[in-house]
Amino acid sequence: MSDGRTSGQPRTATGRPVARPLLSLVLATLLEEVHAHSGAVYLLAPDQPVLEMAVMAGMPRAFAAPWERVGLSAPIPVAEAVRERRLIWVGGEEEMARLYPRIAVVLPYPFALAALPVASATTAYGAVFVTWPASHPPVLADWEREHLTTACDRLTARLERAATQGRPVFPEPDLLAAPPAGGVTGTLGSAEAARLVARLPYGLVSLDLHGRVSFANAAAADLLGLPVGELLGTRLWASVPWLNDPMYEDRYRAALISQHVASFVALRPPGDWLSFRMYPSTTGLSVRISRARAVAEMGRAGPVPGPGPSNLVTISHVLSLAGALTEAVGVQDVVQLVADEIAPAAGSQALVILGSQSGRLHVLGHRGYPDREVVERLHGIPLTAQTPGAHVLSTGVPAFFDSAEQLERLYPARHTAQDSFAAWAYLPLIASGRPVGTCVLAYADPHPFPADERAVLTSLGGLIAQALERARLYDAKHRLAHGLQQALLPHTLPPLSGFDAAARYLPATQGMEIGGDFYDLVPTRPTAAAVIGDVQGHNVTAAGLMGQLRTAVRAYTTVGQEPQEVMRSTNRLMIDLGVELFASCLYLWLDPANQCAVMSRAGHPPPLLRRPDGRVRVLDLAGGPLLGIDAAATYPTTRVDLSAGSVLVLYTDGLVESPGVDIEEALAELSRRLAEAGDAPLDRLADCLVRHSAAARERVDDVAVLLLRARGDD
């Protein structure tokens, strides 16, 4: 148990010692109570929405390196526990891969995890997670849940009391089992046991939780080709050149996290295959090394040793962040993910992502700057200007500044005012061999950038660049699709005699976000016409045909055709155009003088009618087939009375149809909403119907809604 006086304090955001082991006491007690083998306590940073690991127990902190600092919006269990103020349970490897793929990519091992918020009814202080080995049942027991909740409540009360008393709570040294003393006799406790081990024909090695060798017998030294003295205190994959491969360190991590026996074979040059079998416990691992005679006959190639020491923590960071960036869709998604994932992991407090446009810097997004004007001054700076952002974007060479003095010395005429930060990393974003932007990470305190950190940050810049390139292409397509869609739909609804109207259009959230849904109002005083339709497909072809149909319906209405004739003419036009698409359509001729509407339908969902007394019914209209199928099709009409206060709801199928939702239930729910909110102003009613539609929220199809309310005053 740590007393706060040890010198091996882990790297933290503050780096300050702690007077009393408040966090570690609670964590150690909790792990013992629920028989977990590792865990950690996070504290919420006072000035930003970031969780910072304050103490870890049972495992080396390196195992959780990608999540030492976590943005509250990150999709990982501790952040979700704080956001939702509830216990998060992950029962095993498959569940982790399904719910939290970013963690599963970095830690693809069988283990169970629980994460809980440390929060009162009004204030969040942090979070706790604990893990169990693979032998834990997939369901959290009630007694375990009770112990976890009680421990977090107890920690919350202590943190609340500390805050009230003005006592800051600092990070504490991690809790790991003390490594055994080096040397055969000291390790085994008796000379006889030492002689026993020395006589064994196979190698025995003891590793502590960090993977360091604390004991090796003579046979192990002989098999590994190094004296015992050179092995003690080192990691096998660092001291033995032919074990310098991340795969072997991964096996050590797998054994330690899952608490299951792990094994691998490795080739000792020139041709000796050795078998390594790892037996884990909560204090470390025992490794048995022997010759693997049968392996050579299998023709399996051994791993090629790398030129230098591997760093699996770096790989873990890259895997985690690469998984996060694949989820980014638009440019602002990339900016947000860098803020939530990369900036906390790198320890920076602010960021700017710069692109270029017409030879000038273009600010694509920023987070963490208290003064927006500082960032906005970067916008429009020529790429030829002597500023670090422009220089890095133009040359593709990263730049790191440990202090403000260093930055000012190299760029005395930079175009930014003092931004209150003390260190900066300017990372070139290079995609397809060319710079596409610069990512600027800003640090609140002077920050040295050792070579390995510079290499990691530069590599992350490449991942950001790929995501940014995809995002900018997506945004360009989205703007094109949105512009085309807006050009084809009415900009405003014209006033109608005797009727109020409101409309909504929502594009599908899949594909190009452009579709064939349309609506229109055509005033032909003293009457008017309304139409809503849906062309098959979600692409430019569907949108183009939608524009043609809308224009055709407007033209046929203007020349005075009856509703059934408008539908027949539009149907023949679709067939004459020769397109292999179909369309549904609902056409209404509105007669305010007689308080009625004449409707004709072509395979379109039935409209809803709300009477002034609040009753709602689905109108069962006569109709014909979809437009574009049968040139000889007819489209009979139905007359519907519309007394003052009646509301007609016309919609496309995207409002009520979605996978797994019964359309009858969706229509019933839509009718209920209409009955409850039907007296509201039409714009508010339209928003209500769209907002509460499950299909509209998921939007696998685009949605169009047109509402008409009879006034009876004209």
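Guide: In strand β26, L648 is the bridge partner of L609. Strand β22, residues 608-610, and strand β26, residues 647-651, pair in the antiparallel sense over 3 bridges. Two strands count as paired if DSSP finds at least two bridges between them. Helices (H or I, at least four residues) and strands (E, at least two) are DSSP runs, numbered from the N terminus. The model is predicted: local features need pLDDT of at least 70, side-chain atom pairs count only at pLDDT 80 or more, and totals for chains, interfaces and linings use all residues. Residues are numbered from 1 along each chain as its sequence is written, and side-chain values use heavy atoms, with hydrogens and water left out.

The two strands belong to an open sheet of 5 strands with antiparallel pairing, in the order β17-β27-β26-β22-β23. Its edge strands, β17 (499-506) and β23 (616-618), each pair on one side only. From one strand to the next, the twist averages 15 degrees.

Helix α20, residues 663-677, packs on this sheet and touches β22, β23 and β26. The direction of α20 makes about 25 degrees with that of β22. Helix α21, residues 682-691, also packs on the sheet, touching β17, β26 and β27 (703-710). Its direction makes about 35 degrees with that of β17. Contact here means heavy atoms within 4.5 Å. Axes are lines fitted to C-alpha atoms, for helices over the stretch in contact, and angles run from 0 to 180 degrees between N-to-C directions.

C688 has a relative accessible area of 12%, so this residue is buried. Buried means under 20% relative accessible area, exposed over 50%, and partly exposed in between (1.4 Å probe, protein chains only). C152 is buried as well, at 4%. The count of disulfides is 0, a disulfide being a pair of cysteine sulfur atoms within 2.5 Å.

Elsewhere, helix α2 (residues 77-84) is mostly covered, with 6 of its 8 residues buried. These are P77, V78, A79, E80, A81 and V82. Just after α2, R85 takes a positive phi of about 50 degrees.

Now the whole. The protein has 22 helices and 27 strands, and 51% of its 714 residues count as buried. Of the contacts between residues at least 6 apart in sequence, 63% join residues at least 24 apart.
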